[in-house]
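Here is a short report for a first look at a structure. Take a moment with the view below before reading on.

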Amino acid sequence: MSPPGSSGATSSIRAIRARDVPAGGVVVVVKFDVGADGYVGPISAVRSSGIAVFDEAALVAVKLSSPLPPPPVPDNRTVSVQVPIRFMPPPVPFLASPIPRSPCRLRFRR
């Protein structure tokens, strides 16, 4: 079961194979408002990553981060923010495959 408000985006991201994600990762640019009380207002994707699951996960991440610290602006105004969120493929474990045998083998004659 997914956490409230996540709509399964996290589990869907885990289902994507690392080879399906570019080596440099994918970026979603998210725009949202932060009120004087720190609560996040309307959230939208300004620039899509091209992969719907990552776009949804970025929106959910911002939604779940509310409330944020209040913005340091006078007059208690609402501040509009654009944030790039980068999703990177998981690192390849060191020595993920067995060490290949050397093509050179010593053989002893009897």
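Which strands does helix 2 lie across, and at about what angle does helix 2 run to strand 1? In this predicted model, helix 2 lies across strand 1, strand 2 and strand 3. Its direction is at about 35 degrees to strand 1.

The 3 strands form an open sheet in the order 2-1-3, and the pairing is antiparallel. Strand 2 and strand 3 (79-87) are at the edges. Each has a single partner strand, so one side of each is left without a neighbour in the sheet. On average, neighbouring strands are turned by 25 degrees against each other, direction ignored.

Strand 1 covers residues 26-34 and runs antiparallel to strand 2, with 5 bridges joining the two. Phe-32 has Ile-43 of strand 2 standing opposite.

**Ser-49**

Next comes the loop between strand 2 (40-47) and helix 2 (52-64), where Ser-49 is placed. Is Ser-49 buried or exposed? Ser-49 counts as buried because its relative accessibility is 19%, and buried means under 20%.

The side chain of Ser-49 takes part in these polar contacts:

| From | To | Distance |
|---|---|---|
| Ser-49 side chain | Ile-51 backbone oxygen | 3.1 Å |
| Ser-49 side chain | Asp-55 side chain | 2.8 Å |

Leaving aside residues up to four places away in sequence, Ser-49 touches Val-26, Val-27, Val-28, Phe-54 and Asp-55.

Note on methods: Residues are numbered from 1 along each chain as its sequence is written. This is a predicted model: local features need pLDDT of at least 70, side-chain atom pairs count only at pLDDT 80 or more; totals for chains, interfaces and linings use all residues. Side-chain values use heavy atoms; hydrogens and water are left out. Helices (H or I, at least four residues) and strands (E, at least two) are DSSP runs, numbered from the N terminus. Buried means under 20% relative accessible area, exposed over 50%, partly exposed in between (1.4 Å probe, protein chains only). A polar contact is a pair of N or O atoms within 3.5 Å; within protein, one must be able to donate a hydrogen and the other to accept it, and residues adjacent in sequence count only if both atoms are side-chain atoms. Contact means heavy atoms within 4.5 Å. Two strands pair if DSSP finds at least two bridges between them. Axes are lines fitted to C-alpha atoms, for helices over the stretch in contact, and angles run from 0 to 180 degrees between N-to-C directions.
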